[in-house]
Amino acid sequence: MTLADIKNNDYLIRRISDSVRKGSISHAYIFEGETGIDKMLLADCFAKAVLCRARPGTGCDSCITCRKISHRNHEDVTYVEKGDISVKDEAVEELQARLKMKPFAGERSIAIINDADTMTARAQNRLLKTLEEPFPGTVIVLLADNIERLAETVLSRCVIIKWHRFAPEEYGELLAEAENLVESLVRGEHFYVNKAKIKSLSENRDDALKLLDAMENACGKRIREGSLDRTALAQAVNCLEEARKNLRRGMNVSYVLNNMILKMEGRQW
């Protein structure tokens with residue numbers, strides 16, 4: 001997927017694409033969006049737009065650069081994930097050591113910090129040094145559900161982009177299936193019923209990731225409607241996020257999704 005495939009955010013896409021083509025991108029961004037918006041996917045699309053030489057500004061999704069980013073193994077894109085509950089100072093320190101090095105494949109290095117709004121105060125203070133004096137060619141992207149958790153000094157040194165919910169056209173039927181699946185989990189259908197439903201919708205890793213996106217959208221819809229307990233739904237979204245991370249780490253698709261179902265079935269809807 002590329003930026004051109006993202007729906008319902010046309011102004012933001014044009015803004016980012018134009019800045020990349022003009023060579024005027026910032027050294028730091030904050031991607032803000034409610035739980036359920038796949039901000040990591042957006043960050044990957046952004047990285048393609050910046051690093052792709054075939055189609056700068058959007059990415060082509062077929063060159064070696066774009067394919068590497070899709071598979072999370074591009075040498076100039078670094079990902080930082082939180083530990084148990086937060087992004088620690090040590091993780092930011094390791095990132096800074098990596099960013100001191102020159103890019104391997106091009107002129108830019110991109111750092112993506114997931115769940116940046118969980119950074120400890122110490123981690124934010126450490127990151128602030130890099131935001132104030134960025135390494136040449138570095139672009140840092142912070143992903144956050146709630147930017148109010150970030151220090152004002154960090155916010156003031158980043159371009160804040162607030163994303164709206166999106167669903168690519170090919171998700172159309174899948175969104176309906178995902179809503180049915182979430183409803184099945186809420187009703188407390190037997191594990192093997194839900195297992196069969198998920199298996200039919202996730203023949204491979206890419207399909208599984210799309211299904212998780214669609215299920216998060218379904219949960220987000222219920223949160224907005226207030227039709228179910230907000231805390232339980234938020235916990236269900238956490239299960240989906242955990243499954244997404246495990247899939248991206250290369251874990252077995254069936255194992256990850258079955259484990260996710262078991263955890264979600266244990267929620268008090």
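Select Phe135, which counts as partly exposed at 21% relative accessibility. Buried here means under 20% relative accessible area, exposed over 50%, and partly exposed in between, with a 1.4 Å probe and protein chains only. The model is predicted: local features need pLDDT of at least 70, side-chain atom pairs count only at pLDDT 80 or more, and totals for chains, interfaces and linings use all residues. Residues are numbered from 1 along each chain as its sequence is written, and side-chain values use heavy atoms, with hydrogens and water left out.

Phe135 sits in the loop between α5 and β4 (138–144). Helices (H or I, at least four residues) and strands (E, at least two) are DSSP runs, numbered from the N terminus.

**Helix α1**

Select residues 10–21, which make up helix α1. The helix has twelve residues and reaches 16 Å from first C-alpha to last, close to the 16 Å expected at 1.5 Å a residue. The expected span is 1.5 Å times one less than the number of residues. Which residues of α1 are buried? They are Leu12, Ile13, Ile16, Ser17, Ser19 and Val20. Look down the axis of α1: the buried residues fall within an arc of 165°, so they line one face of the helix. The arc is that of the directions from the helix axis to the C-beta atoms. An α-helix has 3.6 residues a turn, so residues three or four places apart point the same way. Turn to the face of α1 away from its buried side to find the exposed residues Tyr11, Arg14 and Arg21.

**Helix α2**

Next select α2, residues 39–51. α2 has 13 residues and reaches 18 Å from its first C-alpha to its last, close to the 18 Å expected at 1.5 Å a residue. In α2, 13 of the 13 residues are buried, so the helix is largely enclosed by the rest of the structure.

**The second largest pocket**

Of its 23 lining residues, the closest to the centre are Met1, Leu41, Ser70, Asp206 and Leu209. The elements that give two or more residues to this lining are α2 (39–51), α3 (64–70), α9 (205–225) and α10 (230–248). α9 gives the most, with five residues.

On a 1 Å grid over the protein atoms alone, a pocket is an open set of points with protein on both sides within 12 Å along at least five of seven lines, where a 1.4 Å probe fits, and lining residues have an atom within 4 Å of a point.

Colour the lining by class: it has six nonpolar, three polar and 14 charged residues. Asp, Glu, Lys and Arg count as charged, Ala, Val, Leu, Ile, Met, Phe, Trp, Tyr, Cys and Pro as nonpolar, and the others, Gly among them, as polar.

**Two positive phi angles**

Select Arg72, in the loop between α3 and β2 (77–80). Its phi is near 60°, a positive value in a residue other than glycine. Arg72 is partly exposed, with a relative accessible area of 22%. The C-alpha atoms of Arg72 and Leu209 are separated by 14 Å, though 137 residues apart along the chain.

Move to Asp115, in the loop between β3 (109–113) and α5 (121–132). Phi of Asp115 is near 50°, again positive in a residue other than glycine. Buried or exposed? Asp115 counts as buried, at 17% relative accessibility.

**Aromatic pairs**

Show the aromatic rings; there are five aromatic pairs. Rings of Phe, Tyr and Trp (its six-membered ring) pair if their centres lie within 6.5 Å; planes under 30 degrees apart count as stacked, over 60 as edge-to-face and the rest as tilted. Tyr29 and Phe31 form an edge-to-face pair, 6.5 Å centre to centre with 65° between the planes. Tyr29 is buried at 5% relative accessible area, and Phe31 is buried at 0%. Phe191 and Tyr192 are also an edge-to-face pair, at 5.1 Å and 75°. Phe191 counts as buried at 15% relative accessibility, whereas Tyr192 is exposed at 56%. Finally, select Tyr29, Phe31, Phe46 and Trp163 together: ring pairs link them into a cluster.
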